[in-house]
Amino acid sequence: MKAATWQGKRDVQVLEVPDPQVQDADDIVIRVTTTGLCGSDLHLYEVLGPFMHQGDVMGHETMGEVVEKGSAVDSLEIGDRVVIPFQIACGHCFMCERGLQTQCETTQVRSSGMGAALFGFSSLYGSVPGGQAEYLRVPHANYGAIRVTEDLPDERYVYLSDVLPTAWQGVRYADVHEGDTLAIVGLGPIGDMAARLALHQGIRVIGLDLVPERLARVQARGADVVNVQEGDPVEAVQALTSGRGADGVIDAVGMEAHGSPGPSVLQKAVGLLPGPVARMAMRTGSVDPLSALHLATSLVRRGGTVSISGVYAGTMDPMSLQYLFDHQVTLRMGQANVRRWVEDLVPLVERSDDPLGLESFATHRLPLADAAHAYDIFQRKADGAVKVVFKPAGG
Ligand SMILES: NC(=O)c1ccc[n+]([C@@H]2O[C@H](COP(=O)([O-])OP(=O)(O)OC[C@H]3O[C@@H](n4cnc5c(N)ncnc54)[C@H](O)[C@@H]3O)[C@@H](O)[C@H]2O)c1
Ligand SMILES: [Zn+2]
Ligand SMILES: [Zn+2]
């Protein structure tokens, strides 16, 4: 089959690889009909390269049709249409029973000290072949495949694999309620979807990014927006919140924050760093890998909550505990527990008026053969690329 494979830093190539097979009795193999390109793939494309092997198959936002199943798969039939959560979870361990599927004790990648195995996600998370391919093997399929039944386009359902539960968990973890203000740092697919979900619940949203068309998309849904490169974003958010800050903040950027968010934020962020690191940052004028998180903590009001959806890996500079302690800030974070939120989301996904705008969420629908181009434009934020979905089976 054809698959999008990692070949090196910023080098994804669609190549012929062996077809996946059923290996364990509770496996299925699906023919992939739609599969997304995610900000998390960009970490593998660039900074997490050392954890990748040449030829690894990318992708973790997958749906398709069951074409093969093992003898222990009793919840699915050949031909069923399924969405595949990005993490592999068993459904019956201590963690899964508590709704912490990303910590599944059956699939935890103990060799690297990480949580549940993820599709297409480097040796840190088990080196499991991913879904940007014509076919995908799905382990623990009785639990790890969400069967969908309504005659709706793939693009209603495919975001249940990652974008929707991640955005939903981000909003839930920010502990905001109707009438509250939620600031969202980063308006890629995750921040954008979090804005849609929050606005739908009557939560006021202030979205922050530096890419004009991403700001415009979220503004068009009814959010206030702040371009972090125009003026001081902390002042802008304070001006919109009676000088107090937002009740909750989502960091939907992660460890690869781009662009300088302006001198005063840099100063504030640098003020939170320990002396030598701060000096280095001031001297070079560079933004540290935690800059989005520092910005998020500067935007939250005293007693508020910061919810981290953006991925952080590796050993990062420490946060200032004095600042967080004095401001009585709550921090929550983690990979999204997909199955935990699916039941909350399916009614919204299937509603006839498509309140979240899922059918027009993708900016690019491309054949898998265009994967190299898609990674390039998505990383550079070129050609208006916000969300790319591939159609490996045509259509
Ligand atoms: N927790 C989870 O389960 C989970 C799931 C999916 C994605 N993620 C993570 O969420 C993050 C966002 O993913 P995405 O798909 O939306 O990708 P993305 O990379 O397109 O989104 C990041 C956005 O942040 C903006 N940005 C960068 N630096 C900024 C700054 N200093 N201030 C404000 N905005 C800034 C970028 O312009 C971009 O729009 C990534 O880190 C991804 O790995 C986490
Ligand atoms: Zn993803
Ligand atoms: Zn489990």
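Reader: What makes C38, H60, E61 and D162 the residues that coordinate the zinc ion (ligand 2)?
Author: Their atoms SG, NE2, OE and OD sit at 1.8 to 2.6 Å from the zinc ion (ligand 2) in this predicted model. Donors are N, O and S atoms within 2.8 Å of the metal (3.2 Å for Na, K and Ca); water is not among the atoms, so sites may look incomplete. The model is predicted: local features need pLDDT of at least 70, side-chain atom pairs count only at 80 or more, and totals for chains, interfaces and linings use all residues. Residues are numbered from 1 along each chain, chains are lettered from A and ligands numbered from 1 as written, and side-chain values use heavy atoms, without hydrogens and water.

Reader: Why is the arrangement around the zinc ion (ligand 2) called irregular?
Author: The four donor atoms subtend angles of 87 to 138°. Four donors are tetrahedral if all angles lie between 85 and 135 degrees; four are square planar and six octahedral if opposite donors are over 155 degrees apart and all others between 65 and 115; anything else is irregular. The angles reach 138°, so the arrangement is irregular.

Reader: How are the donor residues spaced in sequence?
Author: The spacing is C-x21-H-E-x100-D.

Reader: Which residues of α14 are buried?
Author: In α14 (residues 371–380), A371, A374, Y375, I377, F378 and Q379 are buried. Helices are DSSP runs of H or I, at least four residues; strands are E, at least two; both are numbered from the N terminus.

Key:
Buried means under 20% relative accessible area, exposed over 50%, partly exposed in between (1.4 Å probe, protein chains only).
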